[in-house]
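Open the model in your viewer and keep the selection tool at hand. This tour goes stop by stop.

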Amino acid sequence: MSPDYPEKCALFHGNHPANYKGCSVYKKLKLSNRQTRREQTFYKMEDHIDDNILSNCTAMVLSLEFDKPSKELEYYNSTSLLAILGDMLKSSDLTMSKRTIARDRLHDCVYPLPEPVHNISLWHKLTWSTVFIAMLIVAIVGNSIVIWIVAATTKVH
């Protein structure tokens, strides 16, 4: 931990680490979101995040989005990294789209979407692509013939 960044909750500014479950604001949010969490069926977020994942993801966001040197970030723990990220997100010269991109990148890193269970093989993709291209060619040629016939017969009359 750095003396420049004392231990504090990056999201609610309490005097505790970010993963402390006794935070009063965290408890209020957990109670109010209990119903919506039950309704989430796509994927379930864990109550406890592994510190290594949290540190690595936060350092990645700081280095990619805010041009912080990754060598400097190696010496901070997850609470300090989250405090730095919180300060960066609250800076007045930061645009809303930059904030949103950084938050989305952190969320996607900490809570990755599961891989789909239906992976289509290369041969299936190639076969269906060939069938689609053939169907497209037949449709273009057929419609062109119809347009040509209609245009030719209207000129005769």
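The stops below run from the whole chain to single residues.

This is a predicted model, in which local features need pLDDT of at least 70 and side-chain atom pairs count only at pLDDT 80 or more, while totals for chains, interfaces and linings use all residues. Residues are numbered from 1 along each chain as its sequence is written, and side-chain values use heavy atoms, with hydrogens and water left out.

**Whole chain.** Colour by secondary structure. The protein chain has seven helices and zero strands. Helices here are DSSP runs of H or I with at least four residues, strands runs of E with at least two, numbered from the N terminus. Now show the surface. Of the 157 residues, 22% are buried (under 20% relative accessible area, 1.4 Å probe, protein chains only).

**Core.** Select Leu62, Phe66 and Leu85. They have the most contacts inside the largest nonpolar core, which has 18 residues. Such a core is a set of buried Ala, Val, Leu, Ile, Met, Phe, Trp, Tyr and Cys residues joined through side-chain atoms within 4.5 Å. Next, select helix 3 (51-65), helix 5 (78-89) and helix 6 (96-110): each supplies at least two residues of this core.

**Leu62.** Zoom in. Which residues does Leu62 touch, not counting those up to four places away in sequence? Asp67, Lys68, Leu73, Leu81, Ile84, Leu85 and Met88. Contact means heavy atoms within 4.5 Å.

Methods:
Buried < 20%, exposed > 50% of the residue type's maximum accessible area, 1.4 Å probe, protein only.
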